[in-house]
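Biologist: I would like to learn how to read a model like this one, feature by feature. Please give me the general idea each time, then the case at hand.

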Amino acid sequence: MKALTPHHRRSRRDDGHHGDAAAATYYDQPALKPPPYDWRISGYMVLAGIAGSAQIISTLASLSPHPPRRLVRNGRLLGLIGTVLGTPLLIADLKTPSRFYNMLRIARPTSAMSIGSWILSGFGGFSGLVALGQLVAGRIPGLRRLVGLAQVPAAGLGAGMSVYTASLLSATSIPLWSAAPQALGTQFGASSMATAAAALSLAEVAAGRRRTAATLDALTAVSALCELVASMVARRQRAAAGVNGPLEHGRWAISYRAALLLGVVVPVACHGINLLRPPHRRSDQLSAAGSLAALAGGMLLRHTMLRAGMDSTADPRPYLHHSRERR
Amino acid sequence: MGVHPRALDYPDSLLPGPIPDESELTSGTRIEPGRSYGFFTDTTLCIGCKACEVACKEWNALPADGLALSGMSYDNTVKLSADTWRHVLFVEKAPRDDIGPPFQAGWVMMSDVCKHCANAPCMESCPTGALFRTEFDTVVVQQDICNGCGYCVPACPFGVVELSPADGKAHKCTLCYDRLKGGLEPACAKSCPTDSIQFGEVDTLVERAHERVAELHRRGATDAYLYGAPDSPGATGGLERLNAFFLLTERPEVYNLPAAPDRPADRIAPGLAAGVATVAGLALAAAALLAGGRRS
């Protein structure tokens, strides 16, 4: 049991609401409650990002002057697979899963969860259409055109899939999540692009198509650099608000550093070295290492942000202090 | 508060059934749909009897929880939860030269409850519509719709809403929705022996609360202030007002209340816009790389 906080040693409120607001709380009891989320939610966040961004990449690839057909196909399938694997994770995390369909009972623009449910539904629908068309397009002539049309909304909603999970965290009262909404959105969006490009690059490397793999590796590296900048901005804003503690000390601090090392440093290094070499001397192993690291970093980033925020509610002081500063 | 004239219609101590519009007799407020109702909790009147906690548990048939010693003064309830919708806080204060013996007269108690915010973050974050605003301007969870997504839990700036592991649904104070429908004052307010918890129309309560603060200031208790009334602490950070508001004498943090709780929904658009802009920028980069990659 926690020791008593020294309320009685604190000066009386006659000081006119000034002084160290963090000094006295109610027996250091939590002022917020954490959501009951676990790895299933962070797993979904990763899959949503990969699926959404893969759909964008494949749509762009299909519209490029000489479409890389295998990459387009893989991106479309990844868009569907991410949705098919991610949705059950979300449903399984509900505490009354049999009522999952109530998520589509209303559309509420003030709820990031509601917005996300509709983005997921729309994305899933269009991704299914695109993937189905992709698989049977050769046999039915008119379908190619339909796929060409359906992939545009799929890619648009893919952008939503890539970033809405950041808004889902930001639009809460937990300060670690809420102190830097724009930077977190940028960080998750960039990480989604990096992980999707990494996943697609692995397939290209495995199939021996080094040229498209190199293109994707470059995209991974650019996205990772973007993520790095966003993470630095986010860190600064959280630190300014006095709520970055959980990412500076303790287990989630180590985990967060590992996420940045794997998600940013390793991919940028591997792909950077590889891409600076002449095309015939590029290493498949180096490319694969960078891609795998990017994927692992993306997973660790989502899981660390989720769990660090949840655990941060145990200490009421950063939140109460932050709320006072903001007033 | 004087006796309501209608009370004289019921001279017997044993009543044949519920009195119509009983709230008019117990709180001076007739309950009508379409008006805003709430609580004014005046902590200077609280004696820490926990009658509100007991009345709430009994009326709402809430299960017992946390039967353990907390070490926190007389507070073994510890927090609001899915099964505890009123929670009396106990803060023992240092000796004061001007009044009474130490740790007795300086004892601060406060009965905490769901604030039924004017723009309630729990309701705004609920994707199923299980959380809704009633005809009495209160915020209630419909457990027959809630699917236990848990998103209202981190949305609440006061840590009030919680999921019950017993049924996998969110639960919190309903401001006795069923009693209001039946013309009864909420259980906690009716049971409060010192009128620390006052039930009524919010505008009337706010007016009464301002008078009470002025009176306390006149009597020398210049610490007294309102928390959650319009333009007061608790309602300056984005929440317009709290329908259940408080008169406090310590800083909000002493009661674990945020000085300026904000509105989480305001952060959706900035996050989405920044994220989508990033993805669009990276998509442009991808398009350029794809075009260049094929040419080389």
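Modeller: Start with handedness: a crossing is left-handed if the near helix is turned anticlockwise from the far one by less than a right angle, and right-handed if clockwise. Helices (H or I, at least four residues) and strands (E, at least two) are DSSP runs, numbered from the N terminus. The crossing of α6(A) and α9(A) is left-handed.

Biologist: What should I know about the model and its numbering before going on?

Modeller: This is a predicted model, in which local features need pLDDT of at least 70, side-chain atom pairs count only at pLDDT 80 or more, and totals for chains, interfaces and linings use all residues. Residues are numbered from 1 along each chain as its sequence is written, chains are lettered from A and ligands numbered from 1 in the order in which they are written, and side-chain values use heavy atoms, with hydrogens and water left out.

Biologist: At what angle do helix α6 and helix α9 of chain A pack?

Modeller: Axes are lines fitted to C-alpha atoms, for helices over the stretch in contact, and angles run from 0 to 180 degrees between N-to-C directions. Here α6 (residues 181–206) and α9 (residues 284–312) of chain A pack at about 145 degrees, their axes 9 Å apart.

Biologist: Which residues meet there?

Modeller: Contact means heavy atoms within 4.5 Å. On the α6(A) side they include A:Leu184, A:Phe188 and A:Leu202, and on the α9(A) side A:Leu292, A:Leu295 and A:Met305 are among them. By class, this contact has 13 nonpolar, 8 polar and 2 charged residues. Ala, Val, Leu, Ile, Met, Phe, Trp, Tyr, Cys and Pro count as nonpolar, Asp, Glu, Lys and Arg as charged, and the others, Gly among them, as polar.

Biologist: How many helices and strands does chain B have?

Modeller: Chain B has 8 helices and 10 strands. Its C-alpha atoms fill a box of roughly 95 × 55 × 40 Å along the principal axes. Buried means under 20% relative accessible area, exposed over 50%, partly exposed in between (1.4 Å probe, protein chains only). Of the 296 residues of chain B, 59% count as buried.

Biologist: Where is B:Cys176?

Modeller: B:Cys176 is in the loop between β7 (169–171) and α5 (177–181) of chain B. Its phi is near 45 degrees, a positive value in a residue other than glycine. B:Cys176 counts as buried, because its relative accessibility is 7%. B:Lys50, in the loop between β1 (37–42) and α2 (51–59) of chain B, also has a positive phi, near 65 degrees.

Biologist: Why can charged side chains pair?

Modeller: Side chains of opposite charge can pair when their charged atoms come close. A salt bridge is a side-chain nitrogen of Lys or Arg within 4 Å of a carboxyl oxygen of Asp or Glu. The structure holds 28 salt bridges over all chains.

Biologist: Which side chain does A:Arg324 meet in a salt bridge?

Modeller: A:Arg324 meets B:Glu253 (2.7 Å, N to O). The pair crosses between chains, from helix α10 (residues 316–326) of chain A to the loop between β10 (244–248) and α8 (268–295) of chain B.

Biologist: Is B:Lys181 buried or exposed?

Modeller: B:Lys181 counts as exposed, at 54% relative accessibility. The side chain of B:Lys181 meets that of B:Glu135 in a salt bridge (2.9 Å, N to O). B:Glu135 lies in the loop between β4 (131–133) and β5 (139–141) of chain B and B:Lys181 in helix α5, so the pair ties together parts 46 residues apart in sequence. B:Glu135 is partly exposed, at 27%.
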